[in-house]
Structures are given as structure tokens and as C-alpha cells.
Amino acid sequence: MPILSRSTLTCPQCGHRAIESMPTDACQYFYDCRGCGAVLKPKAGDCCVFCSYGDVVCPPVQETGRGCCS
């Protein structure tokens, strides 16, 4: 199955949705919501904002099934 490189992030505070490109070799710990300006951080146990708030998990997790920073 091909690795997906885009994910739609949904802000838990305002519900704003944005399609973003994901880094393939690093975690993205912070994301500034374009709707309300909230700084999103990963939920406990997640390696990045895409795993917490995206509709597609980050590429390293897609490949291994584990957190990319574990």
C-alpha cells in the first residue's frame, strides 16, 4: 500500500480543517491552526500532530505501525 503524504488536520478548538503535507522523516510536534491560531500539540501517546488530529497518520507510523519517535 502506498504511503500517503497529506493529511487533513482538524482543530479540536474551532473545527477548522486544513490539508497539509506531512514530513516523511521527522515528527511535527506543533501546528498553528489557521482558523483560531491555537497551537496544536500531540495528544499523550501520539508522536505528532498528524497522529492526533489528522485523518491520516504520519508516514513513519504508516510504514511501521509504531510511533516515529519511539
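One salt bridge turns up in a search of the whole structure. The term here means a side-chain nitrogen of Lys or Arg within 4 Å of a carboxyl oxygen of Asp or Glu. Before I go on, two notes on the source. This is a predicted model, where local features need pLDDT of at least 70 and side-chain atom pairs count only at pLDDT 80 or more, while totals for chains, interfaces and linings use all residues. Residues are numbered from 1 along each chain as its sequence is written, and side-chain values use heavy atoms, with hydrogens and water left out.

Back to the salt bridge. The partners are Arg 34 and Glu 20, and their closest N and O atoms are 2.1 Å apart. The pair links distant parts of the chain, 14 residues apart. Arg 34 sits in the loop between strand S3 (31-32) and strand S4 (39-40), and Glu 20 in strand S2 (residues 17-21). Helices (H or I, at least four residues) and strands (E, at least two) are DSSP runs, numbered from the N terminus.

Glu 20 is buried, at 15%. The cut-offs: buried is under 20% relative accessible area, exposed over 50%, partly exposed in between, with a 1.4 Å probe and protein chains only.

Stay with Glu 20. It touches Ser 5, Arg 6, Ser 7, Leu 9, Tyr 31, Arg 34 and Phe 50, leaving out residues up to four places away in sequence. Contact means heavy atoms within 4.5 Å. Leu 9 is eleven residues from Glu 20 in sequence, and the C-alpha atoms are 7.1 Å apart.

Next, Thr 8. This residue lies in strand S1 (residues 6-10). Thr 8 is buried, at 12% relative accessibility. Beyond four places in sequence, its contacts include Arg 17, Ala 18 and Ile 19, and also Tyr 53, Gly 54 and Asp 55.

Val 56 is in the loop between H1 and helix H2 (59-64). Val 56 is buried too, at 15%. With neighbours within four places set aside, Val 56 contacts Leu 4, Arg 6, Ser 7, Met 22, Phe 50 and Gln 62. Ile 3 is 53 residues from Val 56 in sequence, yet 10.0 Å away in space, C-alpha to C-alpha.

Now the core. A nonpolar core is a set of buried Ala, Val, Leu, Ile, Met, Phe, Trp, Tyr and Cys residues joined through side-chain atoms within 4.5 Å. The largest one has 18 residues. Leu 40, Cys 47, Cys 48 and Cys 58 have the most contacts inside it. Helix H1 (residues 49-53) gives the most to this core, with four residues. Cys 48 touches Cys 27, Gln 28, Pro 42 and Cys 58, again skipping residues up to four places away.

Cys 58 is in no disulfide either; the nearest cysteine sulfur, in Cys 51, is 3.8 Å away. Cys 14 is partly exposed, at 39%. Cys 58 is buried, at 2%.

Last item: Tyr 29, in the loop between S2 and S3. Tyr 29 is partly exposed, at 43% relative accessibility.

Terms used: Disulfide = S-S within 2.5 Å.
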